[in-house]
Amino acid sequence: METHGVKVLEVVKTHAALDGAPHEIHRLAFPSHVAFEAYRSDPELLALGDLRESCIAKTEVIFDNDPDL
């Protein structure tokens, strides 16, 4: 992620995820939407696809255009 200029803003781990809530939430800041798309299509990330599928039940991406991030 560093190579794409990503900042990790927050990692929240929850333990009451029985109701379908996530076990972990990662708040990230990308320098731009282009940087996000470059990260998502990075061959190194794509090579980890099988591992990711085996350990991540759901990914939800929410875009916030807050200029202060």
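Student: Which residues of α1 are buried?

Tutor: This is a predicted model, in which local features need pLDDT of at least 70 and side-chain atom pairs count only at pLDDT 80 or more, while totals for chains, interfaces and linings use all residues. Residues are numbered from 1 along each chain as its sequence is written, and side-chain values use heavy atoms, with hydrogens and water left out. Helices (H or I, at least four residues) and strands (E, at least two) are DSSP runs numbered from the N terminus, and buried means under 20% relative accessible area, exposed over 50%, and partly exposed in between (1.4 Å probe, protein chains only). By that criterion, the buried residues of α1 are Ala-35, Phe-36 and Tyr-39.

Student: Against which element do the buried residues of α1 pack?

Tutor: Ala-35, Phe-36 and Tyr-39 are the buried residues of α1, and they cover an arc of only 100° around the axis (taken from the directions from the helix axis to the C-beta atoms), so they lie on the same side of α1. With contact defined as heavy atoms within 4.5 Å, the element against which these buried residues pack is α2.

Student: Which side chain forms a polar contact with that of Asp-42?

Tutor: Asp-42 sits in the loop between α1 (33–40) and α2 (43–47). Asp-42 is buried without a salt bridge, the nearest side chain of opposite charge, Arg-40, being 11 Å away; here Lys and Arg count as positive and Asp and Glu as negative, with His and the chain ends not counted, and a salt bridge is a side-chain nitrogen of Lys or Arg within 4 Å of a carboxyl oxygen of Asp or Glu. A polar contact is a pair of N or O atoms within 3.5 Å, where within protein one must be able to donate a hydrogen and the other to accept it, and residues adjacent in sequence count only if both atoms are side-chain atoms. At 2.7 Å, the side chain in polar contact with that of Asp-42 is His-4.

Student: How many salt bridges does the structure hold?

Tutor: Arg-27 and Glu-10 meet through their side chains in a salt bridge (3.3 Å, N to O), and because Arg-27 lies in strand β2 (residues 24–29) and Glu-10 in strand β1 (residues 7–13), the pair ties together parts 17 residues apart in sequence. Glu-24 and Lys-13 likewise form a salt bridge (3.9 Å, N to O), linking strand β2 to strand β1 across eleven residues. The number of salt bridges in the structure is two.
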